[in-house]
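The sequence and the model come first, and the notes follow by topic.

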Amino acid sequence: IIAEEDLFQYLRKTLPPERCAVEKRGQGKKGTDVIVHAHKGGERIGSIIIDDKWATSWGTEWPEKIWADMQEHKADFAYVAVNPTAFPKGAEELRGSGFGLAPCAKAGVRVWVLDRSNLPLVSAVILDTVEKLHKMADVKAVYGSGSEAVRRFQEYLTSGYETDLREKARHLSVALKSLSDLRKKFDKECETMLEALRGYWTAEERVHGNMTSFFG
């Protein structure tokens, strides 16, 4: 429950409310943990489900279960957020990008895995997916839902999108690590400066005390 609340609150805080709405489920409810509803002009244009797993090892039954939840909620995309210790075997790309397709013996099951220890990455991937749903809605509005343009876009979302997003996720992971390292360096330098200031003011207080004592 704590894990679900953590993810839900972060997504609600970071995803743009004018583009989507974040719904929390879980806590005994049937189905997924979090649903992100993309909307435009007050109308729902698509949704994304996210199952949040706090387990320390991969569950081989997860992809099919999450895929079934996706059909139940009539969602367009399905993600499972897991800890790095629970990454599935054979998914080496997850180590570098924090994103990849979940392995499943059943053909046609497309559930993506996200590194839940990196919440900024999770939020960025979900936002990218929300933007794809908005673009799909724009294409349908211009060319019609049964057009060749829509068909090609749908083909991209089920093939090229995976490669595209994994590459984006890899670059984002590198950028986030660099920012984290920079923040740690900055914090260390700030602490060094504070220690220096503390030493300075301690010396100043000592001098002030001596002067006050000397002049009565």
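Residues are called buried under 20% relative accessible area, exposed over 50%, and partly exposed in between, with a 1.4 Å probe and protein chains only. The model is predicted, so local features need pLDDT of at least 70 and side-chain atom pairs count only at pLDDT 80 or more, while totals for chains, interfaces and linings use all residues. Residues are numbered from 1 along each chain as its sequence is written, and side-chain values use heavy atoms, with hydrogens and water left out.

- Helices (H or I, at least four residues) and strands (E, at least two) are DSSP runs, numbered from the N terminus.
- Strand β4 covers residues 77-82, and six of its six residues are buried.
- On one side of β4 the buried residues are F77, Y79 and A81, and on the other they are A78, V80 and V82.
- β4 pairs in the parallel sense with strand β3 (residues 43-52) over five bridges; two strands pair if DSSP finds at least two bridges between them.
- Between β3 and β4 the chain passes through helix α2 (residues 62-72), in a right-handed β-α-β crossover; right-handed means that, with the strands pointing away from the viewer, the path from the first strand over the helix to the second runs clockwise.
- Strand β6 (residues 112-115) runs parallel to β4, joined by four bridges, and Y79 stands opposite W112 in β6.

**Salt bridges**

- The whole structure has 12 salt bridges, each a side-chain nitrogen of Lys or Arg within 4 Å of a carboxyl oxygen of Asp or Glu.
- D6 and R116 form one of them, at 3.7 Å from N to O.
- D6 lies in helix α1 (residues 2-14) and R116 in the loop between β6 and α4 (119-143), so the pair ties together parts that are 110 residues apart in sequence.
- D6 is partly exposed at 37% relative accessible area, whereas R116 is buried at 4%.
- R116 also forms a salt bridge with D52, with the closest N and O atoms 2.7 Å apart, and both residues are buried.
- K65 and D69 meet in a salt bridge of 2.7 Å, N to O; both lie in helix α2, four residues apart.
- D51, K53, K65 and D69 are linked in a network of salt bridges.

**Cysteines**

- The structure has zero disulfides, a disulfide being a pair of cysteine sulfur atoms within 2.5 Å.
- C20 is buried at 3% relative accessibility, and C104 is partly exposed at 25%.
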